[in-house]
Protein chains: 2
Amino acid sequence: MIHNLTLADVLAEHARSRPQVTAVVDGDVRLTYPALDERVTALAAALAGRGVAAGERVLWLGQNAHAVLELLLACSRLGAIFCPANWRQSADELRFVLDDLTPRVVVWEHSDTVAALDRGEAHWVLAGDDYEEFLGSARADGSVSPETFPEVVDTAPVLALYTAAFDGRPNAALLSSAALVAHSTALLVVRQMEPGFTFLNNGPLFHVGTMMFCLATLQIGGTGVFTPSFDAEEVCRLVDAEKVTQAFLFGPMIDAVVAANAGGKYDLSSLRFVAHSAAWDEMITVDDSPWCRSKMGGYGQTEVGGMLTFLGLAPGAAGFAGRPSPLAQVRILGPDGVEVATGEVGEICARGKSLFSGYFARPALNAVKMAYGWHHTGDLGRREPDGSITFIGPKLRMIKSGAENIYPAEVERALKAHPAVADAAVIGVPDERWHQAVKAIVVLKDGAEASEASEASEADLIEHVRTSLASYKKPREVAFAEAIPKKGYTPDYDALDAAHGGGNYPGEITG
Amino acid sequence: MIHNLTLADVLAEHARSRPQVTAVVDGDVRLTYPALDERVTALAAALAGRGVAAGERVLWLGQNAHAVLELLLACSRLGAIFCPANWRQSADELRFVLDDLTPRVVVWEHSDTVAALDRGEAHWVLAGDDYEEFLGSARADGSVSPETFPEVVDTAPVLALYTAAFDGRPNAALLSSAALVAHSTALLVVRQMEPGFTFLNNGPLFHVGTMMFCLATLQIGGTGVFTPSFDAEEVCRLVDAEKVTQAFLFGPMIDAVVAANAGGKYDLSSLRFVAHSAAWDEMITVDDSPWCRSKMGGYGQTEVGGMLTFLGLAPGAAGFAGRPSPLAQVRILGPDGVEVATGEVGEICARGKSLFSGYFARPALNAVKMAYGWHHTGDLGRREPDGSITFIGPKLRMIKSGAENIYPAEVERALKAHPAVADAAVIGVPDERWHQAVKAIVVLKDGAEASEASEASEADLIEHVRTSLASYKKPREVAFAEAIPKKGYTPDYDALDAAHGGGNYPGEITG
């Protein structure tokens, strides 16, 4: 166990090394590291009293709060698994999570939807006073001490985050302490986070984008400021009051912050962030270093612990996803598990210290995702000649024409680069000679005309793709449409197949 | 194996991600990452042909060279263990290393001492042309490819570094890829190393102080410049030619570099380093940030992979060893394995990702060092009220007076703080009532007189210790001497015991 380092171990070390540092700020609550450590120990004892042993689950249904971090750290101390879930889901979606995860304890903030759920066999604790009472319940008997808990290996899953569906239902990606500590350390390297780092948790903690900064802040012994959700005025107030270094802000949120602080009421100069607009740049400290501390560029997903590649590691490189984390390896693999050549598109696959441990209770899916000993991200990418990586788009499905594999996302990207194209989707249609052929469905921009005389005719678009990609990837035919049907952000391929004669996909049983 | 990341994996990723980056510069040799990767694969195949399987040892006897890094990486690819040893040792010392490590292959640079050694059953390869021929020997048959090697777990030892003796003979500390990768990442965090980092390996690579920077440079995909040993003029030439960011330089070496570049012949401005003298500060880029990129403060040893604590993590703190690495835990333990109170002296004990895997072929010593599940560094330290750590000195031995443990190094430190004391050593002498009592042997500074009237009398010195430490730690008697006999940098306690009546140490069998 000499190499073991759980999240709870990180906390226990900070309690010794940083006794005066504020670990957590949340409304009127201010906790030093020793105070947080004591509360986490008490909470772990209370959870243990409700049957939360190693491998059992604890669920949070609510907005951001320091209780989220406390519950995660208490689960780490017990070897249990903590899941902060999106509390704004529908009753059906929440029921699915409860049935899927079968938590021993649920801590919730009041909402009518959550209040109406069947509580099953779990112990439910309302956030606020009830949570405080629950946390304190095991203090009284004097048996609460870190030594009362069994040793926990840091490869045991500790955090579950629900991610997008592959098979029609969400899956909980399991991350171990070892993976989270490794990911945090990589973030510390690339963002050059220092002691004194103060992060405002204003994005949702059930999403890896905010959680990863929350945990990197813990790793470096910084201060985590919690606010229930994004509120521009409150963000200004907290940045000023707590001298926040970074927050989870981008485009429209930054505009809202600028508007809220138009009169210059709050001092936001502690924020080190990318330039955005003249007004913003004047309010904050603009960081234009190559490894800009707040630059978000790169490629990531929950299953890699957050970020897999960083733009900051590849200043000036061709691939806008940058280069891999110093703790990861990336391979662009074909469907046969063999690395494709530089410049070719394949699936982004990964190994590394920050990777997840699979999905909770999904053995069949896990086996598919870990094929050939590499985590398959489900996303397409390309290695550029300078070694950097370009993210192409979600893999979703593959078209097989002759012996060639064609990914719709790559052809769609090429089509959308045409100046007359507003949107595009690509399907495979049965072909007697080649098994499948590529068919494009294209939405033209207003004013662009799909006539043979214009520059956006079927022939023009096919020629456009032929000059950007290998010839076998070009559409054989183009259908023009008013809109592309969507499922979330991606084309609804089933609907497109039905409307445009798609079929004969590899693996499909054909008559 | 999805979480596995060996040193050879790091190299393989850089070969893809940084195909144009120079990995290694050594004299006329310049290798990009793909070129280094190809050579390492060829070298691994050649080593495998000489019986270097998983767990077998390869020994380097020579000065710094890029071959040191190549051999380490080739051993990583095979799961073997590489040891760069001090080639300037005596014939007896070198024979001990050969007998202890029983290497399959020895690569050596010519020295008369080494040339005269019995070669035993190992395959010996002379550095230079013979090494190049050996490296190329497995290329011809076309079977050399990374896929021909078995998968290696990153917790397997890959580097052996001989360290100070605990039991009268040197011991080879074994470090795994996982430990070295973790240590490198911690260094990247604390030193804020960036892509483009160029390190001059001018200190000995058989010592962890240089090796740890060599490996952190690899981890971030930087450039390692190799020079056989420290030569001030050559350091200047290389810094200028290769735009070196950092080197292994301190006090007298810096003075020598300044003298060598007195005429301003070389441009050293690429060096980012601490201020040292007016002339130096003008030649280089002085880095005065709290986390100064070249600040060496902290506490470390080979057994923790290099550094355990960093001053950069504790700006302005009381303890000059700073705070623990973000990937480590530190406990100050008493001899019973129980943590001592803040402000009390105990043994610095550690857990963490960068720790060694024990000493090669020393099971009994390993069990002692890992007592109570914590690595015992053999050094004394103290946790300050602000959580930072003060390094006191080597533990070496303990005096037991009544129920109290007294470490000589702590009392010696207090004595040496007296303005009249030039040197001091402390032993335990038999005591009927307390089992042992503390006796100090003190060397006074020139001009200070040990008379009762002066301020450096026996009574004065005892009183001085009593006011700095707990009363039970004060000497009961003081003997004045001309010099303290030494073994290396530490007092020769056996000689002192013999001369001054020491005895009754805990664990000693008494009549």
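# Covered strands and matching copies

Trainee: What makes strand 19 of chain A "mostly covered"?

Mentor: Seven of the nine residues in strand 19 of chain A are buried. A residue is called buried if 20 or more other C-beta atoms, placed from the backbone, lie within 10 Å of its own; with 12 or fewer it is exposed, and in between it is partly exposed. Strands (E, at least two residues) and helices (H or I, at least four) are DSSP runs, numbered from the N terminus. Please keep in mind that this is a predicted model, in which local features need pLDDT of at least 70 and side-chain atom pairs count only at pLDDT 80 or more, while totals for chains, interfaces and linings use all residues. Residues are numbered from 1 along each chain as its sequence is written, and chains are lettered from A and ligands numbered from 1 in the order in which they are written.

Trainee: How do you know that strand 18 of chain A and strand 19 of chain A pair?

Mentor: Pairing asks for at least two bridges found by DSSP between two strands. Strand 18 and strand 19 of chain A have five bridges, in the antiparallel sense, so they pass that cut-off. One place to look is A:E347, whose bridge partner in strand 19 of chain A is A:L380. Strand 19 of chain A also pairs with strand 20 (residues 389–394), again antiparallel and over five bridges. There, A:R383 stands opposite A:I389.

Trainee: Which residue has a positive phi in the hairpin of strand 19 and strand 20 of chain A?

Mentor: That is A:G387, with a phi near 90 degrees; five residues lie between the two strands.

Trainee: What makes strand 14 and strand 16 of chain B edge strands?

Mentor: Look at the open sheet of three strands in chain B, with the order 14-15-16 and antiparallel pairing. Strand 14 (298–301) and strand 16 (323–324) each pair on one side only. Strand 15 (residues 306–310) is joined to strand 16 of chain B by two bridges, with B:F310 opposite B:R323.

Trainee: What makes strand 8 of chain B mostly covered?

Mentor: Six of the six residues of strand 8 (171–176) of chain B are buried. B:N171, B:A173 and B:L175 point one way, B:A172, B:L174 and B:S176 the other way, and all are buried. Strand 8 of chain B also pairs antiparallel with strand 7 over six bridges, and B:A160 stands opposite B:L174.

Trainee: Which residues have the most contacts inside the largest nonpolar core?

Mentor: They are A:L47, A:L71, B:L47 and B:L71, in a core of 314 residues. A nonpolar core is a set of buried Ala, Val, Leu, Ile, Met, Phe, Trp, Tyr and Cys residues joined through C-beta atoms within 7 Å. Beyond four places in sequence, the contacts of B:L71 are B:L43, B:V58, B:W60, B:F82 and B:V107.

Trainee: How many residues of each chain are in contact with the other chain?

Mentor: There are 37 residues of chain A in contact with 37 residues of chain B. Helix 1 of chain A gives the most to its side, with four residues.

Trainee: Why do the copies meet through the same surface?

Mentor: 100% of the interface residues of chain A are also interface residues in chain B, so the surface is the same.

Notes. Contact = placed C-beta atoms within 7 Å.
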